[in-house]
Amino acid sequence: MPVTDKDMREELAAAEPARFWRSLEERARTPAFRRMLDAEFPEIAERYATATDRRTALKLLGASLLMAGMGTAKAAEGIAPYVEQPENLVPGEPQFYASTLNERGYGMGVIVEAHEGRPTKIEGNPNHPASLGGTDPIMQAAAFSLYEPTRSRTVLKGNEVATWGAFQAEVAELRERALLQGGAGIGVVIGPNTSLTLQRLFSQLQQAMPALRFYLSDPLAGTPRPYAVLPHFDEAKIVVSLGADFLGEGPGRLAAARGFADSRRVRAGGQRTMSRLYCLESIASLTGAKADSHLLVRPSAMDETVARLATAMQSGTGDDAFTTALVRDARAAGNGLLFIAGERESAFVHATAQRLNQPSAGITHTLIAPVATAPADSGSLYDLVTDIGVGAITSLFVLDCDLMHSAPADLDVGAALEHVSSLYHHGLHVDETARKADWHVPATHDLESWGDLRAFNGTASIVQPLIAPLYQGRTIAELVAALTGDFVSSSLDLTRATWAQLDDAGWRAALKGGVIADTATSAISAPPLAEAANPVREAAQIDVVLTPDPFLDGGAHAANLFLTELPRPLTKLVWGNAAEMAPATAQKLGVVTGDLVEIGIDKQALTLPAFISPGQAPDTVVVSLGFGRWTGEDSDTVGTNAFPLRRRGNAWLLAGAGVKKGQGSSRIITTQEHHAMEGRDIVRDLPLAVIADETPPAKEPPSLYPPYEIPEEAWGMSIDLTACIGCNACVAACQAENNSPVVGPDEMAVGHDMHWLRVDRYYAGDPEAPETVFQPVPCMQCEDAPCEVVCPVNATVHTHDGLNAQVYNRCVGTRYCSQNCPYKVRRFNFFQYQDFDEGSPLSLLMNPNVSVRERGVMEKCTYCVQRISAARIQSEISDQPIADGAVQTACQQACPTRAITFGNIKDKQSAVAREKTEPHSYALLEELGTRPRTTYLARVTNRPDEDKGNG
């Protein structure tokens with residue numbers, strides 16, 4: 001029989017019990033032991049008194065062994081592991097399932113990796129039109145949201161724990177009373193959705209209770225339109241953005257990013273043309289950063305500027321360099337012209353864009369009917385407050401919305417909810433709205449749910465769960481079904497009923513492929529839009545603009561610390577929001593970064609720290625929404641909630657707001673302080689006309705290091721800076737794949753971030769209207785690595801396939817390698833960042849193929865060596881060489897624009913080898929002679945003042 005820890009303890013104690021326990025107790029009381037405890041286990045040190053008993057001493061002496069031995073995650077309470085191994089399940093081998101994530105009501109197709117029933121990693125579904133195999137940071141962080149510790153776990157009646165059965169009984173009584181009055185007095189608040197199952201249930205509910213009223217809560221809703229625009233970038237020669245961040249926002253952003261990048265992917269031996277992008281914008285955006293010609297416009301002047309542009313397009317002459325060049329190119333492009341209006345721009349801008357697009361309708365774009373719909377006669381939140389005030393609504397269901405967080409200040413939702421007799425709340429967290437509710441029902445996460453969603457083009461797909469609900473969660477469909485009198489059907493039953501036309505084979509095909517065939521919305525003719533008048537904007541000294549945070553959205557992901565700590569693409573801010581402004585605006589206000597700024601409107605004022613951000617429009621202050629949301633008893637709010645600044649009809653541009661310097665300053669946490677390249681040749685530009693010369697790439701400089709023999713594959717990477725849009729999907733994917741921890745604001749403030757990959761952002765030109773460039777920087781995997789020669793314990797070594805590896809159990813934390821690395825891509829684990837609490841649900845998140853590091857070791861990018869090893873094992877089993885493309889790094893797989901190419905550079909026919917022979921391929925800081933395996937393709941530009949190159 002094997003000897004257990006208990007046997008060993010008993011044997012030791014039995015041998016000389018008195019001496020054994022006396023020595024333990026004496027050691028536990030020593031200052032040295034206390035210092036060791038403080039250093040090694042700071043989180044728990046304060047829980048233990050200096051006078052430690054025998055049991056506690058034994059716990060502490062064995063703690064390090066217990067922590068080191070935690071290689072597998074313990075199932076969360078309430079989830080039992082399988083007793084009999086399921087068929088076709090090989091322990092240790094991941095399984096992959098197609099599913100769909102809900103992003104503001106729209107479906108994003110994903111492939112989910114699961115280990116023994118634990119979803120751990122999200123990838124894009126190549127079959128799904130909304131993702132095309134790519135992802136964004138929100139999708140990458142979905143698994144974190146599943147295991148997020150502050151999620152609501154139980155049904156609550158007031159502050160008391162209740163059951164789903166008790167809630168159903170309450171709803172049944174309410175329904176019986178309501179049916180007598182046709183549903184009068186009942187209101188249901190919903191968010192935007194595209195689910196056909198929900199739409200079917202809403203219709204059933206309205207038929208049963210015609211007097212029941214629906215209200216739509218969409219704090220990020222843009223200008224309503226009777227159509228949606230689907231761009232065709234492969235046909236567009238000239239693209240004009242009118243305040244549209246189509247690369248960073250909207251349900252079709254990943255598809256737009258792919259199409260736009262493909263239209264500009266220039267190679268010496270292949271495509272020689274690229275589209276040209278003109279951009280008018282007020283807020284620095286990912287789309288503006290990729291523009292070939294860029295014009296910053298004050299938000300209050302956008303309508304006037306668009307009107308002048310439309311006049312110039314008609315007359316053929318412009319009144320400034322930007323407009324003149326645009327008109328010239330637009331006329332040359334013919335029907336290859338595409339105008340895209342921003343979701344939050346005025347009706348006038350949308351009407352103008354449609355009119356200018358008419359000659360290219362059906363060529364550079366298609367129009368479809370809106371995909372997201374609401375029940376007939378749905379009201380707004382203003383209608384809800386009015387109806388509650390007159391007693392028309394006495395029972396209210398709030399489904400997955402936090403009205404208390406996102407309501408504008410002129411709408412006293414809190415007071416209104418106090419006058420509702422019965423308030424029922426459904427959501428992932430016990431948020432501020434839930435705290436006011438009589439009943440709260442936990443929501444299921446997308447990865448725990450059955451359902452359906454439609455993509456931006458109408459394509460339907462099934463939401464398939466990867467795991468049984470961790471807690472007592474229910475879907476919105478189950479709550480609405482209960483109101484219709486169906487207390488039996490599960491979310492799976494409800495979804496199958498919607499898609500009853502699919503037989504078993506069709507259903508399995510929909511689950512396996514991730515899409516339901518032939519469900520895309522058909523094109524429509526452009527509906528006539530009323531010729532919107534050019535609105536006259538109020539003149540203000542400073543325009544204040546609100547915008548959704550790129551990761552937290554409007555607060556839906558506020559509890560996701562994975563996203564809270566991810567650097568914002570342009571500002572690199574983490575753990576909070578700020579009042580962002582251009583340098584000249586800051587000078588006018590007399591502030592510098594960190595100074596407090598007061599923003600007031602109608603006696604409502606917020607105080608935020610100022611942040612100088614080149615690329616914002618003049619006389620404009622930008623504030624991100626989504627921060628300051630309270631998500632539970634164990635959570636802290638991060639940043640400032642800016643929703644109270646909003647007013648009816650004044651949701652995005654705050655007319656009449658005042659801005660002034662406040663008293664004092666506040667900490668701003670950003671991961672990049674340098675805006676310029678300091679004269680170094682870091683990000684290279686190459687005009688389109690030059691690449692056609694097919695200049696061979698520069699030869700590698702000579703090296704004093706001896707060459708390495710690479711007997712097998714030689715892995716390398718190439719990153720196309722023309723295709724990179726700076727979205728940070730690669731950074732999020734690297735963190736999710738490699739178990740990198742969240743370290744918190746204090747550690748981020750002193751530069752102790754643990755992201756193995758970063759995306760540097762640089763500015764060039766005029767600080768008030770600069771060009772913005774991005775550069776992903778992983779470990780360069782140097783052939784002649786400066787880090788290797790200085791490690792005193794041989795912890796950083798060269799592998800047989802040329803990787804610069806880090807051996808964690810050798811590392812003693814000297815950090816010499818980091819000092820010697822010119823690229824600064826190594827991360828030192830200063831503290832116990834990982835949550836090793838075996839009861840924490842986050843332990844279920846860990847990728848078992850990557851070690852979970854403790855404090856005191858150096859970490860870095862490994863080219864996802866675990867994926868390389870898996871491919872090598874399969875190669876050996878099949879006795880075939882590893883095929884090109886068989887290994888994809890996490891960053892490569894996540895990239896929506898396919899900017900990253902990875903493979904065996906010894907195979908001259910491989911994609912990465914061909915990329916490295918391009919004339920615009922270069923190595924970062926190649927003059928140092930480190931011979932990096934990671935190289936870049938210079939950013940190819942197509943500015944109007946350069947040779948057009950548009951064919």
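## Aromatic rings in a predicted model

F167 and Y424 are both buried, where buried means under 20% relative accessible area, exposed means over 50% and partly exposed lies in between (1.4 Å probe, protein chains only). The model is predicted, so local features need pLDDT of at least 70 and side-chain atom pairs count only at pLDDT 80 or more, while totals for chains, interfaces and linings use all residues. Residues are numbered from 1 along each chain as its sequence is written, and side-chain values use heavy atoms, with hydrogens and water left out.

Rings of Phe, Tyr and Trp (its six-membered ring) pair if their centres lie within 6.5 Å; planes under 30 degrees apart are stacked, over 60 edge-to-face and the rest tilted. By this rule there are 16 aromatic pairs. Two of them are listed here.

| Pair | Type | Centre to centre | Angle between planes |
|---|---|---|---|
| F167 and Y424 | edge-to-face | 6.0 Å | 75 degrees |
| F828 and F830 | edge-to-face | 4.9 Å | 85 degrees |

F167 is in helix α8 (residues 164-179) and Y424 is in strand β15 (residues 422-427), so their pair ties together parts 257 residues apart in sequence. Helices (H or I, at least four residues) and strands (E, at least two) are DSSP runs, numbered from the N terminus. Together with W164, F397 and W439, these two residues form one aromatic cluster.

In the other pair, F828 counts as buried because its relative accessibility is 13%. F830 counts as partly exposed because its value is 24% relative accessibility.

Charges also sit over rings (NZ of Lys or CZ of Arg within 6 Å of the ring centre and within 35 degrees of the ring normal). The charged end of R496 is over the ring of W507, 4.4 Å from its centre. R648 lies over the face of Y382, at 4.4 Å from the ring centre.
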